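Here's a quick tour of a few local features in one protein model. Take a look at the structure first, then work through the points below.

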Amino acid sequence: MDDGDSPHSSDSEQVIDRRAILEPAVQSVVDALGGYENGHYRLGDEAYGCLKDLKKFWRKDDTDDERTVARIFWETRVLPNDLVPILLVTAGEGDVQDKKAIACLDLMAAMTWPIDIAEELKELDEDLDKGSDYTQLLTSHLHYKAAILKPGVLESIFGIVVPCITKGKRERKEKDVQIINVALFLIRNLAFIKDPPPNMYTSSDRTELASLQSKLVKRLSEAHLTDLVMTIASNALDPLYNGWNTLALEILYLLFRGIVPASLSMDQTKQPTATLHRLLEVEQRIRRDVARNTSSRHSRFGTTISVKLNPKRAEQAESSSGLSSQTFVMHRQQAINGEAGSIMDLSKRSKAQKGKKIDELAREDNLSMDARSILQTLARTFVESALNPFLSSILKDIKAERAKVTEKDNLRLLYVTKWFLEFFLRERTARSARDGENWDFGLIAEVTDRGWIVWVLKRMREAVEEKPKLWNELQAGIECLTHLLSLIDSMISSSDADENILEAAEILQQQLIYSGEILDVAFQSLQTYREGTQSLAYLRASVSLAYNLFKMLEKWSKTKGEMYVRKRVKARKKKGKVVGRSTEEGEGVADVEDVDSASEPEEAVRETSLTLEAFELRFAHSEINHTLLAYLSRYREFDSPEEMKRIVKLLHRQAVKAKAEGLFFQVSTLDLFKVILADQKSLPKDQPYKDLVALINYILRQFFKAVDEEPLLIVEAFFPKNRGAWKKLSSWEPEPKVKSEEKTITDTRFPPDVQVKKGYSWSEQLGIAIACLTEDGKHELVEWIKDILTLVIAQRKRIVEETDGCSSKTALQSDAESDAEDVFIDTKRGPSDEALEKFTDYLIPYVNDEQADAATRNPHLKLVFRLLKFEAIDEDADEFEWHVPKAIKPDELQSNRNVIEQFLANPIDLGGKKASTMLTKKARRRRRRRQPTPASDSESDILDDEPKKKAKKKKEANQYKSAQFIEDSEEDEGEMEAFFEKEKQLRERMALAAMENGKVATMRSTGTKKRRKKGADDKPKQRKKRRGEPSIPDRRSPSTDALPQNASDSSDSEPDVFGSYRVSPASTSHTSPPMEEASLMPESKVRPRPKPRFRRRTSSPGVLPPSSTDPPEVDEVRDDGQMSAEDSDSKIRTSSALVEGSEEKGDHASTRGQRVRQKGRLVLSDED
């Protein structure tokens, strides 16, 4: 070759030289292997060395894109003529340990290794490898597969594997593991080789190659190699077999790929008959369509039809300009009854459409009935004995990122799981219809595990994030979730399922909904579909997932009500600015800004409420609608009415449920509806097709109705309905906007609440909260909490004693503060249901302003209250009112008190840190903005004088009309007197018990609350009574000096646990337990109110004049907020005397229990 030759010619010369050099050497080695003599294969003297040389030659193709050695091996036919006979001569005759047999097995596995054509073409050079042809290599694989499937070959391979796999852990060597690997790889290679499509016009040899997969399945079963794969799968958790679980996964994936699970769940002997009926039905439908559109027998006479274009406008044009209208002549008989436009379209040249992908995961199924029966038995055996351990081992290896796991194993695992899950559901349905013996749901327990579902969702998320996106893996994940929803529905609706199965199904269903990720998957899978990008199987899987998900949500909303879903939102990053004190210094609690700035989370998870209507409205999306219509356009290809049912249901949810019929107002959609209505007579008579026609008619009525209202809608039909443009064309109406007065604002009136950091138990949290109060010097608040618990325990104990009749006197005489045993409740038996019903919410009274301010503003005290399960009545109020819920039993209250006593005696050990450092601030709550107070100045009064007069007249008329129906009744007064008498007897008994025991469990009769000054025109105002709410009498606190006439209450002068005095019979607090005569009172329960307190206030103009029952004047209150003893006694004595006078006069309003409210301050009477 001259130096001036081009480099391309030199490269081609190198290729020729490579083949010329290798081919004689390979041919000589092949000839030395041996040959046939008298019909028997006789090995050469150096057969083993020749096999080793052939393996060396084969490795030279690792750096050769042209695969020269593989082509030479095919031309020499070394595998069918030499390797197979050598294997039969050695291992086939029992010598399974022969090195020549193992070398032949290794060469067979290498020569049948799958060729990834797509990857090979990517690696080719455009100039150097123009003549590369891989069809010869693919053909060689088919002939290799046919040669290995000869009788005795697979049995010899099984004989080589058995001695290696039966060895124990100590006896097994690395060589044994390699032999098993090579044998499994050979089975994988044979299953991977795809058969050519069957063709009746090809030769007999080609037809035989089209049925190799069926032959492979039968030969694997006969050689017991399927049993070998099943053994590895069922013992996948065993370390002796775990190393081959990924190979077993790939073999199962290749054997079952392309087979419909429903076809294996039925009787295989009836499969040919069912296939024949299906094909005959398709043929009959095609014949009906052809007969409907063909010409009649009169067509031999010909047809000529003239069609004018817009005849009315043509007449006008002729009269004005004298021009004739344009006409079209048609010679088709269909133009007599059909549309002229459709007949004209037949003569147009149609563009060749690009072929669409059907299913990239599966392949064409051409298996024989015998092969199907073998695979059916294999699938049943796998589900019954190997599914759970096999999936568990594979998932464990994938999460551990083992070296043997490849990226494609994720796709194979998803496909195998969805296949066997669908097979389980189909087989279970078939068994229940056949003999009533169903499979247990425990056979697929691994699929319902939370870790498994999390992994599936994670893989689907990663498949979408990859570039390019892994649509096949996403399709397998969608089908997995679809069959999982079908499994949950089967578990819930199963008649033979026990309570554990039902509970597990409900929990799994709740977790799926709560995670919210499956909702996003169903939404995005339909939204991202594009024709030509994804396959038709992907489209079918997406529609099935959406249908099953809506079915599950609809059942859940009917039975469970509202649903809660986690929603991921992007968290706002905080700046590193320090707002509060540092927690490292041990001073104060870290602010919310500090916590967020330290962690800086990328996403935050919030819990939101989800309704079926809200999800249907979200489903009304233009891209989803486009996907559904693309699926509907293939209605002629639907195999069963179930497919039509799914798409009709989804379209119905968009058009009717979500009121988004505007999505369908497009020309392409209307044209599709026109085609379906034209084929209405040829559609099947099943109900889903009837529902489709009804839905189309409904949408068309809505469209033409909208056109009548807005004629320009015809123009808008040519444009897409994106970004919510469909809303103005539909009957959908937005929710009414919230008024500006009702918008919420951040509550900044009080210091933010705190909470204990994560990782502490309830008792430790309570100990930290008590330690915070102790560190701040708030010992009196801790004692106040203990007194509240003591009082509530005593109160509810009395109710239990009077209701249940237990021996409570002994318990009352024992030490009420004993921590060793609970003296207030019989531990052997708890309170009865009747006693629990008599419990009422105990409203915590405030003795002074310090307690009221602490209960409202002190975050540590509020934390203790919440840990003790105390509840605030209204957190939007200016002053919090706490109450002890009636649901808390006395023994729980006593246990809480014991815990507080324990932490006071032995404070919690925080390792030298302050208790405040264990707390974090909670985000401030939001409250509604208060409505502005209407103006009351003189101008507004003058302007509104006339409406006020009209309102006043109307009010007077209403009062006059209702006054005639009011009648006085003395029954209530008699009931009240009986109630007070019973209360007096109860107090006398309690006083005797207190004198004997020295302990008082009642509240004092007077309060220390300061009262604000009244103006000159003060009058007691009554709070508006709510509908159905009983009246509460005005409360006053008489002094002990005003009770000298009650000689029997000598013990009333003793202070109780709060340091106050006993109350008189006429001033019993509502916290006393109900008596037997309490049933005479009205049945409606009175909401507990706090004990009155006096607050120093300055009088404002326009205040009503003070009465004899008003609080003390401002000058009678000291600067520190307390009244002097003399002033207090005198005022209280006056108040007491007035109360007695009111009782003698029989004041009907106070006896009936009227409630008085003055300027937002509640004053309760003594008669309450």
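Start with a helix contact: in α33, the residues Trp762, Ser763, Leu766, Gly767, Ile770 and Thr774 meet Asn896, Val899, Ile900, Phe903 and Leu904 of α39. Sorted by class, this contact of α33 with α39 has seven nonpolar residues, four polar ones and no charged ones. Keep in mind that you're looking at a predicted model.

**How the two helices cross**

- Two packed helices are described by the angle between their axes and the distance between the axes.
- What angle do α33 and α39 make when they pack? Helix α33, covering residues 762–775, packs against helix α39, covering residues 890–905, at about 55 degrees, and their axes are 10 Å apart.
- That angle makes α33 oblique to α39, because an angle under 35 degrees would count as roughly parallel and one from 65 to 115 as roughly perpendicular.
- As for handedness, α33 passes α39 in a right-handed crossing.

**A sheet of three strands**

- In what order do the three strands of the open sheet sit? The order is β9-β11-β10, and the pairing is antiparallel.
- The edge strands are β9, at 842–843, and β10, at 871–872, and each of them pairs on one side only.
- If you zoom in on β10 and β11 (residues 882–884), you'll find two bridges joining these antiparallel strands.
- To spot a facing pair there, look for Ala872, which stands opposite Trp882 in β11.

**A cis peptide bond**

- Which peptide bond is cis, with omega near -5 degrees? It's the one from Lys467 to Pro468.
- You'll find Pro468 in the loop between α21 (450–465) and α22 (471–493).

**Two arginines with positive phi**

- Arg67 isn't a glycine, yet its phi is positive, at about 55 degrees.
- Where does Arg67 lie? Look in the loop between α2 (47–59) and α3 (68–76).
- Arg77 has a positive phi of about 55 degrees too, although it is not a glycine either.
- Arg77 has its place in the loop between α3 and α4 (78–90).
- Why does Arg77 count as partly exposed? Its relative accessibility is 32%, and partly exposed covers the range between buried, under 20%, and exposed, over 50%.

Terms used: Residues numbered from 1 in each chain as written. Predicted model: local features only at pLDDT ≥ 70, side-chain atom pairs only at ≥ 80, totals over all residues. Heavy atoms only, no water. Axes fitted to C-alpha atoms, helices over the stretch in contact; angles between N-to-C directions. Helix = DSSP H or I, 4+ residues; strand = E, 2+ residues; numbered from the N terminus. Parallel < 35°, antiparallel > 145°, perpendicular 65-115°, else oblique. Left-handed = near helix turned anticlockwise from the far one by under 90°. Contact = heavy atoms within 4.5 Å. Nonpolar A, V, L, I, M, F, W, Y, C, P; charged D, E, K, R; others polar. Pairing = 2+ DSSP bridges. Buried < 20%, exposed > 50% of the residue type's maximum accessible area, 1.4 Å probe, protein only.
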